[in-house]
Amino acid sequence: MAVVTPRVFVSHLAGIAVFDPNGDQVGRLRDLVALLRVGDRPPRVLGVVVEVISRRRIFVPMTRVTGVESGQIIITGVVNMRRFEQRASETLVLGELLDRRVRLVETDEEVTVLDIGLTQLPARRDWEIDKVFVRKGKGGALRRKGETLTVEWSAVTGFSLEEHGQGAESLLATFEQLRPADLAGVLHHLSAKRRAEVAAALDDDRLADVLEELPEDDQVEIIGKLKDERAADVLEAMDPDDAADLLSELPEEEKERLLALMRPEEAADVRRLMSYEERTAGGLMTTEPIVLRPDATVADALARVRDPDLSPALAAQIYVCRPPDETPTGKYLGLVHFQRLLRDPPFTLVSSIADTDLPALPPDTPLPEVTSYLAAYNMVAAPVVDESGALLGAVTVDDVLDHLLPDDWREDGLHGPATAGLNGDPPLGESAHGR
């Protein structure tokens with residue numbers, strides 16, 4: 001029988017793996033659902049929000065949680081695979097309670113919530129929030145210097161009040177190690193208010209990476225709530241093709257205003273991409289592939305491929321072109337696959353090992369032909385070349401997949417059955433989102 005931890009703080013639970021009794025991973029914990037109660041009664045923890053492999057978020061009642069230990073959660077019984085939808089009376093512990101500014105009952109001093117402690121009631125599977133880890137002092141750049149302390153839930157007040165300008169420092173700290181796609185999932189499932197607050201707290205590069213993984217509606221909502229100057233900075237940090245897709249969803253006046261605030265060279269790339277039809281090679285491509293001159297060596301190419309900011313698809317091959325090195329380049333001569341770079345001496349000229357027989361794509365190539373090209377030649381990226389032979393950019397397989405999958409694939413993931421049993425248990429009839 002699993003040994004249950006008497007008390008656990010939610011910062012230690014964020015993102016941990018959730019397993020069934022057989023040791024098979026069900027998903028990862030993304031939040032906890034609590035019910036605030038009147039007076040100073042501790043909130044009851046109703047259950048956990050688990051992101052399953054398909055990126056769908058489901059609800060698992062705390063009565064199904066049999067163990068919380070050493071970085072994992074064990075559940076039993078039946079998992080209802082209906083998508084979790086928060087009810088009006090419910091509160092998300094990570095998403096809504098962390099970073100709140102509340103007051104100590106005894107002194108009326110304002111404090112910021114850094115963490116929340118949970119405890120399991122004796123001889124029951126019910127859990128309650130009983131402790132609050134707080135920092136004294138108002139929010140701001142210097143608030144880290146404030147005294148921290150752990151108090152009883154009943155020692156603070158103000159959780160039920162609506163708060164504007166809530167910070168996101170502690171929430172982001174719990175998800176610091178998440179990949180951009182997973183952090184995008186966290187943002188998508190927050191309220192619009194918290195989504196804007198978290199976006200405001202992210203640095204430009206991190207927010208740009210996350211925006212690229214969000215559905216278009218969320219992208220437009222977030223970019224619309226940023227100040228124009230910051231919105232332009234974030235757009236510059238995004239891949240040009242993703243920035244072009246986002247800008248194309250904005251009203252014409254707003255789009256032009258943001259383009260005018262971007263650096264001229266960045267705006268020029270985005271405008272060029274927006275001039276092509278969306279579902280063509282030109283509309284899908286990125287303008288920032290790895291471009292090298294014919295006299296560059298394999299060592300030069302490997303140094304460029306090592307750039308950690310490059311996606312795997314872009315790092316898979318380099319394009320050999322005559323000057324200029326920025327797209328649109330001089331004449332496109334061929335490409336070299338990463339695997340070939342590993343087989344040749346470092347001093348070898350890339351022009352001597354370039355694949356010159358592989359055809360390039362015109363910018364008006366429709367999406368089905370781009371897909372067929374990648375499949376036929378076993379490629380993860382394809383060069384896009386204009387009539388004069390200049391390299392315009394490269395279409396990567398991830399951008400192709402984005403346009404082949406359903407519009408709501410980021411929200412729904414793979415569509416599984418409504419319920420799935422653990423340990424061979426038959427599905428049970430349950431109410432909406434498994435409660």
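This is a predicted model: local features need pLDDT of at least 70, side-chain atom pairs count only at pLDDT 80 or more; totals for chains, interfaces and linings use all residues.

Analyst: Residues are numbered from 1 along each chain as its sequence is written, and side-chain values use heavy atoms, with hydrogens and water left out.

User: How do H8 and H10 cross, and at what distance do their axes come?

Analyst: Two packed helices are described by the angle between their axes and the distance between the axes. Here the axes of helix H8 (residues 240-248) and helix H10 (residues 264-274) come within 9 Å and cross at roughly 65°, which makes H8 roughly perpendicular to H10 (a term for angles of 65 to 115 degrees). The contact, meaning heavy atoms within 4.5 Å, involves Pro-240, Asp-241, Ala-243, Ala-244, Leu-247 and Ser-248 of H8, together with Val-270, Leu-273 and Met-274 of H10. By class, seven of the residues in this contact are nonpolar, one is polar and one is charged.

User: Which peptide bond involving Pro-324 is cis?

Analyst: The bond joining Pro-323 and Pro-324 is cis, with omega about 5°, and Pro-324 lies in the loop between strand S16 (317-321) and strand S17 (332-337). The bond from Thr-327 to Pro-328 is also cis, with omega near -10°, and Pro-328 is found in the loop between S16 and S17.

User: Is Asp-99, with its positive phi, buried or exposed?

Analyst: Asp-99, whose phi is near 75°, is buried at a relative accessible area of 0% (buried means under 20%, exposed over 50%). Asn-378, with a positive phi of about 55°, counts as exposed at 71% relative accessibility.

Methods
Axes are lines fitted to C-alpha atoms, for helices over the stretch in contact, and angles run from 0 to 180 degrees between N-to-C directions. Helices (H or I, at least four residues) and strands (E, at least two) are DSSP runs, numbered from the N terminus. Angles under 35 degrees count as roughly parallel, over 145 as roughly antiparallel, 65 to 115 as roughly perpendicular and the rest as oblique. Ala, Val, Leu, Ile, Met, Phe, Trp, Tyr, Cys and Pro count as nonpolar, Asp, Glu, Lys and Arg as charged, and the others, Gly among them, as polar. Buried means under 20% relative accessible area, exposed over 50%, partly exposed in between (1.4 Å probe, protein chains only).
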